[in-house]
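Visitor: Could you take me through one part of this model up close? I'd like the helix packing, with the cut-offs spelled out.

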Amino acid sequence: MQQADVSVDAPEQDERPTLAELAGALGLRERKKRARREALIEATHRLVERDGLDAVTVEAICEAAGVSVRTFFNYFDSKDDAVLGHTPWPLRTEAADEFAAGGPTGHLLADLEHLVAAVLDDPPMGRQSLARALELASREPRLLAKHLAWMEQHKGQLVELVERRLGDEPGHPPDVVAAFAMFLTHATFMRWDAAGGQGRAPDHVASVVRELRSLLTD
């Protein structure tokens, strides 16, 4: 008599992705998004430098970057935003939360240095792109006005962050601290750019602070 097959199928393996796989997929997706954004910025800069701001169209930028117009508007609201590389630069980061909680040292100026270093360590676009954007903005009044408005928007985020840090009875005006942080960020980047991009931008924060201390005590 033929023996009945009573084998039981092994349970199927869990094919759900692991946390590490999910993190890797998200990291890859973010790198692709950043590369596409950089390509759009680079194409915009190249065309604007060659043809002038008013002569460049979104369609021309998309053709040069090899993307669709729909894709362009997934990254930027306008041609001017692409020139300036304006993208969200959120402060809801680990470094920002640490600053708001009173860290990492407990001293406001030192902690501002850490915060600025963290911001500059992960800019929304590369050093060369940012330098070209600032150069183009200096030539075009409307770009400069738009860039200043963008900075003012981020100043509002900084004020909120500083208010979280200083509490209900701040020892320093939060708007002044936020303005200082913005100046420190800009001055540090300019110092880094003037040095030919040697090293990392955060490496120049301390020297800028030393010079500001010297100026204020002169």
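Guide: Helices are DSSP runs (H or I, at least four residues), numbered from the N terminus. This is a predicted model, so local features need pLDDT of at least 70 and side-chain atom pairs count only at pLDDT 80 or more, while totals for chains, interfaces and linings use all residues. Residues are numbered from 1 along each chain as its sequence is written, and side-chain values use heavy atoms, with hydrogens and water left out.

Let's zoom in on α6, residues 108-121. One partner is α9 (residues 174-194): the two pack at about 50 degrees, with their axes 10 Å apart. That makes α6 and α9 oblique to each other, the label for whatever is left once angles under 35 degrees count as roughly parallel, over 145 as roughly antiparallel and 65 to 115 as roughly perpendicular. α6 passes α9 in a right-handed crossing, meaning that the near helix is turned clockwise from the far one by less than a right angle. From α6, the contact (heavy atoms within 4.5 Å) draws on Leu108, Leu109, Leu112, Val116 and Leu120. On the α9 side sit Val177, Phe180, Ala181, Leu184, Thr185, Thr188 and Phe189. By type, the residues of this contact come out as 10 nonpolar, 2 polar and no charged. Here Ala, Val, Leu, Ile, Met, Phe, Trp, Tyr, Cys and Pro count as nonpolar, Asp, Glu, Lys and Arg as charged, and the others, Gly among them, as polar.

Now for α8 (residues 141-166), which packs with α6 at about 140 degrees, the axes being 13 Å apart. This pair is oblique as well, and its crossing is right-handed. Leu108, Asp111 and Leu115 of α6 meet Leu158, Leu161, Arg165 and Leu166 of α8. That contact splits into 5 nonpolar, no polar and 2 charged residues.

Setting aside neighbours within four places in sequence, Asp111 touches Phe99, Gly102, Gly103, Pro104, Thr105, Gly106 and Arg165. Arg165 is also one of the α8 residues in the contact with α6.

Note on methods: Axes are lines fitted to C-alpha atoms, for helices over the stretch in contact, and angles run from 0 to 180 degrees between N-to-C directions.
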